[in-house]
Amino acid sequence: MTYHEYDEPHADLRELISRIDKSGELVRVSGVDIDLELGTLVELIAHHGGEGGPAVLFEDVVGAPSGHRLMSGATNSANRLALTLGLPRPGHPMDVVRSYRDRMKTHEPIPPEYVDDGPILENVLRDDEVDVTALGAPTLHELDGGPYIGTDDAVVMADPDDGWVNVGTYRVQVHGPDRVGLWTSPGKQGRQIRDKYFAQGKPCPVLISCGHDPLLFLASGNEIRYGLSEYDYAGGHRGRPFEVVRSELHGLPMPARAELVLEGELYPGDLAPEGPFGEFTGYYAGGRSDQPVVRVRRIYHRTDPIMTVASPIRPPSNFSYSKCVMKAGMIWDEVERAGLAGVTGVWCHEAGAARMFNVIAIRQAYAGHARQAGLLAASCQSGSYLGRFVVVVDDDIDPANTFDVLWAMSTRCDPAEDIEIVRGAWSGPLDPRLPAGVNRNSRAVVSAVRPFERIAEFPPVAEASPELRARVADKFAAVLDGLAGVKEGRR
Ligand SMILES: Cc1cc2nc3c(=O)[nH]c(=O)nc-3n(C[C@H](O)[C@H](O)[C@H](O)COP(=O)(O)O)c2cc1C
């Protein structure tokens with residue numbers, strides 16, 4: 001097995017950063033203030049245009065302890081995503097989606113390996129020594145309710161009944177030296193586990209990793225099927241186990257090479273006002289609400305830790321590109337696992353925050369194929385939460401190309417016939433279109449394909465054949481050379 005251009009998977013965040021640096025995709029920034037400046041610079045870079053922008057390592061951060069660093073956008077380009085997942089270097093973003101789906105055909109989960117020691121134990125702060133406010137958590141956006149230490153985090157909980165370990169990315173607000181707020185949306189697996197403890201009248205043990213191998217973030221920030229631990233899933237991508245050490249208080253597995261981990265418990269009824277916090281849809285829909293508090297009793301950290309930062313904003317953000325590609329691969333894989341044939345591409349557009357405008361391309365083989373593809377893409381585990389539109393296109397349409405997709409919708413879809421509305425689907429408080437307290441929304445499954453029964457007689461596309469285009473493009477290369485995109489055959 002090879003990993004991008006390496007024989008071994010990266011050992012941890014630090015080794016991945018050096019690989020990103022070698023790829024020429026790392027920018028180092030010194031002197032940024034933790035209070036709003038860092039978040040605004042991350043936003044400016046993400047909105048600068050282009051595919052995701054560079055990864056940024058913030059050093060000598062004003063307001064953070066000396067030596068502490070913050071990392072933004074580690075996975076947010078096709079190449080960095082391939083580096084993190086250990087996939088071949090991509091020529092085109094869809095290559096990562098395809099490689100992910102190919103990987104999943106042979107992917108076997110690999111459980112983590114428990115070890116006695118690791119860099120995460122270099123510094124352990126206990127009980128009275130715990131002060132989360134001293135760790136340099138950033139306040140990312142002007143309207144945020146305060147600093148957030150957990151954004152690109154990995155929250156570890158064990159199911160109280162059968163012990164399986166879930167790892168999810170849920171935002172974590174700093175309330176005080178030993179109190180942080182944890183916001184989990186209804187339906188999330190961490191929320192289901194938490195509620196089981198509370199139903200039994202017990203506190204819920206929690207680990208919050210705030211800096212780690214971005215492969216763990218790709219697993220924890222995406223909907224992996226219930227019961228499959230994100231550690232095992234991520235281990236399957238590495239081809240070898242994640243090393244974990246048992247936490248002191250609860251024996252929960254923490255990545256042995258993580259950068260900074262908090263440990264504590266959520267108690268039934270111990271709530272504090274949480275939020276608002278900038279959201280991935282581009283709004284502040286969830287606002288402020290009472291949410292459970294983690295009472296932090298341990299801080300574990302490497303010397304000079306690197307915290308990982310994901311800043312949800314009006315897209316694109318410093319993680320939306322990676323989300324788009326990753327989710328596209330996951331939906332493609334799940335739809336095929338459900339038995340569907342003929343998928344030629346999937347794309348989850350960043351403008352839809354990589355959840356709300358997803359496109360699936362198929363080579364139609366039978367009447368009803370397109371509707372089946374759309375309904376599956378709209379309701380598989382990775383496509384379900386907070387979805388909105390799923391558009392099914394034919395295989396001559398590039399699902400990642402907005403122009404192509406809009407042309408297909410405009411010309412191959414009859415709205416009355418070809419838009420199926422699914423009601424009562426899984427959404428949540430962050431859906432800006434829903435009134436407060438309503439956590440279900442509807443889905444439009446749009447068939448923007450040629451009607452199957454009329455494929456043979458559907459009007460032909462008015463464009464030159466590939467052979468004629470190539471011949472004329474060659475002959476008149478001098479004319480076309482100056483016109484960006486034309487020679488490549490822009491329709
Ligand atoms: C940067 C980022 C921040 C997120 N923040 C939250 C959050 O605060 N609460 C939440 O419920 N989901 C959040 N999510 C989505 C969850 O991480 C995602 O749904 C994941 O699948 C949850 O894990 P689970 O499936 O094990 O519940 C976030 C995702 C990302 C990428």
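Of the 20 residues around the ligand, which come nearest?

## Ligand surroundings

Gly168, Arg171, Ser185, Gln189 and Gly221 come nearest among the 20 residues around the ligand, where a residue is near a molecule or strand if its C-beta atom, placed from the backbone, lies within 6 Å of it. The elements that contribute two or more residues to this shell are β8 (165-168) and α5 (189-199); helices (H or I, at least four residues) and strands (E, at least two) are DSSP runs, numbered from the N terminus.

## Basis of the description

This is a predicted model, in which local features need pLDDT of at least 70 and side-chain atom pairs count only at pLDDT 80 or more, while totals for chains, interfaces and linings use all residues. Residues are numbered from 1 along each chain as its sequence is written.

## An open sheet

Three strands form an open sheet in the order β4-β12-β13, with mixed pairing, two strands being paired if DSSP finds at least two bridges between them. Because β4 (113-114) and β13 (253-255) each have a single partner strand, they stand at the edges, and one side of each is left without a neighbour in the sheet. Strand β12 (residues 243-246) runs antiparallel to β13 and is joined to it by 3 bridges, and Arg246 has Pro253 in β13 as its bridge partner.

## Thr151

Thr151 lies in the loop between β6 (148-150) and β7 (154-158).
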